[in-house]
Amino acid sequence: MGRHVLVGIDGSDQSTNALEHALSAFPDAELSVISVVNPVAVTAGDEFFDGSAFEQQRELAEKHLESASAVARAHDRNIDTDVRIGGPARELIASATESDVDHIVVGSHGRTGLSRILLGSVAETVVRRSPVPVTVVR
């Protein structure tokens, strides 16, 4: 089992399930949890230029991390948290590389078929590009 596990969260039920899985499957590992603000996702409209939409997304990411910390405390665990800015898959992989992570755990949004092909998947990209093993939790 990994000694340092990275979990990506986005506030979805799937990412909470991923955190729960990491807490139970890696009881002795150091856990780092990140939430990524994707600036591309908040550039539509004039709000981006005054920073309000971006700042709202950053605050939301902080709330996701606060919730993750509460989940960890319920399991008598401590976690390291961080908000990162960029593409979610790229930032998960970069964080894993920078932090000497042994394993990544992410949630799947369960897309299949054409929607998966058209929309892409953060989990799929992480699996394909990660330098360490990845667990995808539904």
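1. **Basis.** This is a predicted model: local features need pLDDT of at least 70, side-chain atom pairs count only at pLDDT 80 or more, and totals for chains, interfaces and linings use all residues. Residues are numbered from 1 along each chain as its sequence is written, and side-chain values use heavy atoms, with hydrogens and water left out.

2. **Layout.** The chain has 6 helices and 5 strands. Helices (H or I, at least four residues) and strands (E, at least two) are DSSP runs, numbered from the N terminus. The order of elements from the N terminus is β-α-β-α-α-β-α-β-α-α-β. Of the 138 residues, 40% count as buried. Buried means under 20% relative accessible area, exposed over 50%, and partly exposed in between (1.4 Å probe, protein chains only). Among contacts with a separation of 6 or more, 77% come from residues 24 or more positions apart. Contact means heavy atoms within 4.5 Å.

3. **Sheet.** The 5 strands form an open sheet, ordered S3-S2-S1-S4-S5, with parallel pairing. S3 and S5 (134-137) are the edge strands, each pairing on one side only. The twist averages 25° from one strand to the next. Two strands pair if DSSP finds at least two bridges between them. S2 and S3 have 6 bridges, in the parallel sense.

4. **H1 against H3.** The axes of H1 (residues 13-25) and H3 (residues 52-74) come within 10 Å and cross at roughly 35°. Axes are lines fitted to C-alpha atoms, for helices over the stretch in contact; angles run from 0 to 180 degrees between N-to-C directions. The crossing is right-handed: the near helix is turned clockwise from the far one by less than a right angle. Leu19, Glu20 and Leu23 of H1 meet Ala68, Val71 and Ala72 of H3. The residues of this contact divide into 5 nonpolar, no polar and 1 charged. Here Ala, Val, Leu, Ile, Met, Phe, Trp, Tyr, Cys and Pro count as nonpolar, Asp, Glu, Lys and Arg as charged, and the others, Gly among them, as polar.

5. **H4.** In H4 (residues 88-98), the buried residues are Ala89, Glu91, Leu92, Ile93, Ser95 and Ala96. They pack against strands S1 (4-8), S2 (30-37), S3 (80-85) and S4 (103-107), and against helix H6 (122-129). Just after H4, Asp100 takes a positive phi of about 55°.

6. **Ser35.** Ser35 is found in S2 and stands opposite Val83 in S3. Ser35 counts as buried because its relative accessible area is 2%. Its side chain reaches the backbone oxygen of Ile9 at 3.3 Å. A polar contact is a pair of N or O atoms within 3.5 Å; within protein, one must be able to donate a hydrogen and the other to accept it, and residues adjacent in sequence count only if both atoms are side-chain atoms. Leaving out residues up to four places away in sequence, Ser35 touches Ile9, Ala61, His64, Leu65, Asp82, Val83 and Arg84.

7. **H6 and Ser130.** H6 lies across S4 and S5, running at about 165° to S5. Ser130 lies in the loop between H6 and S5. Ser130 is at 15% relative accessibility, so it counts as buried. A polar atom of the Ser130 side chain lies 2.7 Å from the backbone oxygen of Val132. Beyond neighbours within four places in sequence, Ser130 is in contact with Ile93 and Ile104.
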